[in-house]
Amino acid sequence: MIYISRKEHFNAAHRLYNPLWSKDKNYKIFGECSNENWHGHNYELIVTIKGKINSQDGMLIDLKILSNIINDEIIKKVDHKNLNLDVPFLKNIITTTENVVIEFWKILDSKISSLKIPDCNLHCIKLYETPKNFIEYYGPFVK
């Protein structure tokens, strides 16, 4: 088994806010991140694929293909956007990094699976919100 990662970058604004709660409760839970004027981050996205190397070309996946998928399906849709307002697949979701990475997974897993490359699967997505805060997601829990 081999693991290959591709790193991409995007900038986006968002607001952590639960519309079912009062302004005070949102502030108590989310602090300054609930600011009604939004706030932004310089995100780093690392997508890791796992599988077996193809004996004919020596690759698990062409990194150009992986980069194109990440850019077409995620980066172009979130870069320099307001995640709460401008990104349809994040509509009505509290845009915590946890929730955002789960939505990214759904999109990328489906797209990578559709390539039908034998023994090639999405392994992990890391999303850095700040240099000190990041999420690692390995897909939905299956018993």
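Visitor: How many salt bridges does the count come to by this rule?
Guide: A salt bridge here is a side-chain nitrogen of Lys or Arg within 4 Å of a carboxyl oxygen of Asp or Glu. This is a predicted model, in which local features need pLDDT of at least 70, side-chain atom pairs count only at pLDDT 80 or more, and totals for chains, interfaces and linings use all residues. Residues are numbered from 1 along each chain as its sequence is written, and side-chain values use heavy atoms, with hydrogens and water left out. By this rule the count comes to seven.

Visitor: What separates Asp 72 and Lys 76 in helix 2?
Guide: The side chains of Asp 72 and Lys 76 meet in a salt bridge, at 2.9 Å from N to O. Helices are DSSP runs (H or I, at least four residues), numbered from the N terminus. Because Asp 72 and Lys 76 are four residues apart in helix 2 (residues 63-78), what separates them is about one helical turn.

Visitor: Is Glu 103 buried or exposed?
Guide: Glu 103 forms a salt bridge with Lys 106, the closest N and O atoms being 2.9 Å apart. Buried means under 20% relative accessible area, exposed over 50%, and partly exposed in between (1.4 Å probe, protein chains only). Lys 106 is partly exposed, with a relative accessible area of 49%, whereas Glu 103, with a relative accessible area of 14%, is buried.

Terms used
Helices (H or I, at least four residues) and strands (E, at least two) are DSSP runs, numbered from the N terminus.
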